[in-house]
Amino acid sequence: MPDLTNLETHAHDVLVIGAGGAGLRAAIEAKAFGADVGLVCKSLLGKAHTVMAEGGVAAALGHVAPEDTWQVHFRDTMVGGKYLGNPRMAELHAKEAPDRVRELEAWGAVFDRTPDGRILQRPFGGHSYSRLAHVGDRTGLEMIRTLQDRAVALGIQVYMECTITQLISGADGVRGGFGYWRTTGRPVAFAAKAIVLATGGTGRAYEVTSNSWEYSGDGQALAYEAGAELIDMEFVQFHPTGMVWPPGVRGLLVTEAVRGEGGILRNAKGERFMWKYLPDERRAEYAETDEEAARWVTALSQGHETDARRPPELSTRDNVARAIYTEVKEGRGTQHGGVFLDISYLPAETVRRKLPSMYEQFKELADVDITRGPMEVGPTTHYAMGGIRVGAETGATTVPGLFAAGEVAAGLHGANRLGGNSLSDLLVFGARAGAAAARQASSKDAQPYLDPVQLQGANGALAAPLERPEGEDPYAIQRDLQEMMQRLVGIFRVEADLDEAIRQLAELRRRWQVVKATGGRAYNPGWNLVFELGNSLTVSEAIARSARQRTESRGAHSRLDYPASDDATWNGLNSVVTRAADGTMSVSATPLPQMSDELRSLLGGEH
Amino acid sequence: MPDAHLRVFRGDSSTEGRFEEFDVPVEEGMVVLDALHWIQGHAAPDLAVRWNCKAAKCGSCSAEVDGRPHLMCKTRLSDFDLEQTITVEPMRAFPLIRDLVTDVSWNYEVNKTIQPFTPPTDVPQEDWRWQQEDIERVQEYRKCIECFLCQDVCHVLRNHETERPFMGPRYLVRAAGLEMHPIDQADRREYLKDSGGIGFCNITKCCTEVCPEHIKITDNAIIPLKERVADAYYDPIGWAWRKLRGGDAESGARAELPVLQGNPPQTDEAPD
Ligand SMILES: Cc1cc2nc3c(=O)[nH]c(=O)nc-3n(C[C@H](O)[C@H](O)[C@H](O)COP(=O)(O)OP(=O)(O)OC[C@H]3O[C@@H](n4cnc5c(N)ncnc54)[C@H](O)[C@@H]3O)c2cc1C
Ligand code: SF4
Ligand code: SF4
Ligand code: FES
């Protein structure tokens with residue numbers, strides 16, 4: 001174990017952990033407030049998940065549908081989240097997203113245009129109007145590059161390929177972080193007056209996922225260990241359309257923009273099954289016939305108005321994912337266990353222009369030409385609605401000095417996130433957390449002191465898997481975890497499975513405690529995985545325990561043993577996960593923050 | 001299906017590298033990155049390789065497969081003769097870190113020297129109106145995923161041919177995206193000529209051939225930029241006038257590019 005007498009240490013007013021959309025936006029804002037900012041990320045700059053986002057960023061700009069306002073966006077977000085979202089967050093998000101998107105344009109982003117030369121917006125599931133600003137199907141790339149260039153121009157200090165493994169705390173809250181350089185394996189510490197966590201989601205706990213190796217829930221686990229509360233962890237978004245074939249690309253995302261542009265879902269018998277699955281209370285918002293849906297698509301592609309209503313494929317994600325799962329389960333799936341998604345009836349040129357990266361992805365990876373035939377798709381683990389509990393205005397967690405924004409934070413999306421609402425979430429709450437962290441930092445004079453005992457402990461934990469003479473293989477534990485979560489804590493859940501999952505998680509943790517990494521410290525993925533796997537185990541337990549507690553079905557959480565929503569017991573209650581004094585995980589529930597009368601009236605007295 | 005035979009470069013900057021051979025069971029549709037993940041999970045847990053998206057969207061997994069630059073996540077095993085051994089090596093233009101991972105930080109340093117987007121200060125944003133066809137070219141440049149494969153194959157960088165640094169095709173693409181943005185006000189021509197070394201490019205088009213995003217780097221970015229630079233120097237009056245019009249926006253003209261250190265992976269064996 002390297003000794004810590006010469007530990008490389010950096011000090012900043014604000015330390016931002018994570019350089020996706022949320023972290024970059026937070027860093028830019030903190031810098032604008034005059035803070036000295038350090039920005040840490042596990043991968044190279046510009047490779048965070050945000051780069052993969054395809055469909056667009058939701059903001060009520062009203063360029064395509066002038067009737068669109070923040071009030072409608074607020075309502076769509078709350079309805080989509082089954083009234084479990086934090087109303088104040090949904091309000092701030094809907095109000096501020098348009099400015100945050102325009103700001104990107106002012107920083108150099110080049111969005112697709114309307115015929116009158118403004119930012120173009122496309123329709124998406126659950127959004128009442130065409131609302132997603134986009135660049136073809138590579139919106140995330142445009143966004144991260146714009147933010148990255150801005151951060152570089154402002155001179156923000158970036159630490160790339162550096163993993164934070166532990167937060168260092170004191171009686172006054174968090175004081176910094178400990179981690180290592182992935183390139184050398186050498187330890188490094190950061191002292192900071194305020195910290196923003198922007199580390200993204202948790203999807204790697206599952207076998208079929210659109211998420212990269214980075215999504216091991218590091219931020220959720222770091223915050224939990226430091227005493228912060230996690231909420232809504234049972235709500236894992238299974239995106240309805242991931243690739244299912246060939247095996248190597250299983251789970252890769254097929255953007256919702258395919259359905260936004262008119263993609264039709266059919267089962268192996270050729271039936272357009274989504275008609276069957278529209279929830280009764282929303283049926284009036286959707287077309288009634290194939291013909292009406294087709295008119296809507298034509299109007300969309302020609303950019304003119306229509307009285308036709310949207311196709312049934314644009315129902316919310318939780319609903320479409322369950323529909324596909326059910327079709328396959330009941331024997332109407334394709335050969336590879338999916339359903340068909342067809343956009344090939346549109347002119348080939350339109351498909352290539354609107355969905356260039358989908359066209360490439362299927363051509364290169366699956367030998368399918370989507371302008372000529374259908375894609376095969378099925379649900380894939382995609383997004384964590386749950387995460388660290390934060391204050392709406394500031395992104396402050398329940399631990400002093402610690403803020404969180406982006407996918408790692410929870411509250412905006414409730415029980416189900418609408419497509420496009422994540423990229424806008426990153427911008428709005430990234431900026432807010434950055435500003436609040438800078439304010440917090442400016443109220444402290446001295447750089448905090450990092451407790452050497454904690455640093456030693458973190459250093460020892462990091463070194464242990466390399467120093468054990470023998471032990472479990474981290475890859476094998478990861479495979480077992482992913483297989484188990486997929487099987488027992490997937491789209492449909494029952495109590496017996498969840499109990500079994502919690503039992504198996506304890507067993508997996510026992511194996512993890514004696515895990516052995518081979519090789520040296522420099523760029524060693526097997527060793528790096530050990531730390532990430534520990535976090536995956538923590539968030540998996542939080543997901544399973546929260547799912548077991550919620551004895552109803554709501555949004556992305558579907559219980560076979562409690563198939564209906566139970567408003568009498570569960571409406572307006574968020575699950576909360578905390579670390580008890582004895583180190584075990586405890587689960588409880590807490591009422592949603594109060595809604596103002598103005599917001600309540602926007603929901604039409606529905607809630 | 002038969003196994004695939006992979007020969008993978010192993011080593012770091014301090015030691016002589018070597019090739020290790022692995023037999024990997026093949027599944028339908030498998031890509032080179034899948035094969036490396038199989039090796040990590042079953043044979044060499046410490047094999048160093050970068051990746052994130054697995055969908056050719058992030059530009060992390062660049063390497064040389066049978067001597068050709070590729071994104072490993074979209075290089076199908078079925079494109080190779082599986083009777084033959086497939087050789088996987090790190091990019092050669094950049095210093096080696098370990099196995100298939102190279103030190104690409106030089107690129108990020110070059111990027112810092114480019115004058116960023118500079119919008120006009122006297123036109124309110126509500127009045128920024130651009131037609132789709134006017135921005136299509138700029139959007140082409142902005143498709144770049146920073147895989148650095150073009151930097152890797154450009155002979156000027158790969159062979160360390162110049163004493164003076166050359167920014168390389170990736171950053172000529174970035175500069176083109178800024179220069180041709182409908183409302184950008186900065187003038188980067190002096191920078192491109194003096195610091196960026198645009199003159200070192202002799203239009204071999206190797207960069208365009210490898211770009212996974214199919215950006216026509218040479219035809220659509222470098223040649224138009226070269227023309228702009230030439231214009232400035234053969235039409236100094238017009239240039240001075242345009243510069244005046246552009247206001248006092250900084251041009252980053254005197255920025256110094258860092259030098260790309262040569263320390264490509266070494267082995268005593270020749271790749272076949
Ligand atoms: C394929 C795909 C398509 C999507 N499409 C859309 C879309 O069209 N619209 C939409 O709104 N949303 C979309 N989403 C969701 C959205 O992209 C993500 O939710 C969002 O990008 C998350 O951003 P973030 O800033 O929170 O995290 P990320 O962008 O994932 O960034 C996380 C950062 O944290 C760093 N990090 C993590 N752990 C550590 C650690 N321990 N130490 C140091 N650094 C660490 C990582 O390196 C990274 O830099 C999509 C997601 C996927 C996967
Ligand atoms: S065209 Fe120019 S930039 Fe591209 S590879 Fe050839 S010399 Fe390099
Ligand atoms: S221009 Fe093309 S080859 Fe070069 S870095 Fe960008 S995507 Fe890669
Ligand atoms: S892993 Fe992202 S480009 Fe290959």
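These legends describe close-up views of a predicted model. Local features need pLDDT of at least 70, side-chain atom pairs count only at pLDDT 80 or more, and totals for chains, interfaces and linings use all residues. Residues are numbered from 1 along each chain as its sequence is written, chains are lettered from A and ligands numbered from 1 in the order in which they are written, and side-chain values use heavy atoms, with hydrogens and water left out.

**View 1. The shell around ligand 1.** The shell holds 40 residues, counted as near if one of their heavy atoms lies within 4 Å. A:Thr50, A:Gly55, A:Glu214, A:Tyr215 and A:Glu407 come nearest. By class, the shell has 16 nonpolar, 18 polar and six charged residues. Here Ala, Val, Leu, Ile, Met, Phe, Trp, Tyr, Cys and Pro count as nonpolar, Asp, Glu, Lys and Arg as charged, and the others, Gly among them, as polar.

**View 2. Backbone contacts and cover of ligand 1.** An oxygen atom of ligand 1 is 2.9 Å from a polar backbone atom of A:Ala22. For A:Gly20, the distance from a polar backbone atom to a ligand 1 oxygen is 3.4 Å. A polar backbone atom of A:Ala198 also has a ligand 1 oxygen at 3.4 Å. Ligand 1 taken alone exposes 1000 Å², and the protein buries 98% of that (Shrake-Rupley method, 1.4 Å probe). Elements giving two or more residues to the shell are α1 (21–32), β7 (162–170), β14 (375–384) and α12 (421–442) of chain A. α12(A) gives the most, with four residues. Helices (H or I, at least four residues) and strands (E, at least two) are DSSP runs, numbered from the N terminus.

**View 3. The shell around ligand 2.** Chain B residues surround this ligand, including four cysteines: B:Cys154, B:Cys201, B:Cys206 and B:Cys207. The shell also includes B:His155, B:Pro169, B:Lys205 and B:Ile222. α8 (206–210) and α9 (217–234) of chain B each supply at least two residues. The shell divides into seven nonpolar, four polar and one charged residue.

**View 4. The contact between chain B and chain A.** Chain B gives 54 residues and chain A gives 62, with contact meaning heavy atoms within 4.5 Å. The two chains bury about 4700 Å² between them, 52% of it on carbon and sulfur atoms. Buried area is the accessible area (1.4 Å probe) that two parts lose on being put together, summed over both. In chain B, B:Asn52, B:Lys57 and B:Arg142 lose the most area to chain A, together 15% of what that side buries.

View 5. Eight salt bridges join chain B and chain A (side-chain nitrogen of Lys or Arg within 4 Å of a carboxyl oxygen of Asp or Glu). One of them pairs A:Glu364 with B:Lys74, at 3.4 Å from N to O. The chain B side that touches chain A has 23 nonpolar, 14 polar and 17 charged residues.

View 6. A:Arg88 and A:Glu91 form a salt bridge, with the closest N and O atoms 3.1 Å apart. These residues are about one helical turn apart because they lie three residues apart in α3 (residues 87–106).

**View 7. Two loop residues of chain A.** The peptide bond from A:Trp245 to A:Pro246 is cis, with omega near -5°. A:Pro246 lies in the loop between β11 (236–243) and α6 (257–260). A:Asp232 sits in the loop between β10 (230–231) and β11. Phi of A:Asp232 is near 60°, a positive value in a residue other than glycine.

How values were computed:
A polar contact is a pair of N or O atoms within 3.5 Å; within protein, one must be able to donate a hydrogen and the other to accept it, and residues adjacent in sequence count only if both atoms are side-chain atoms.
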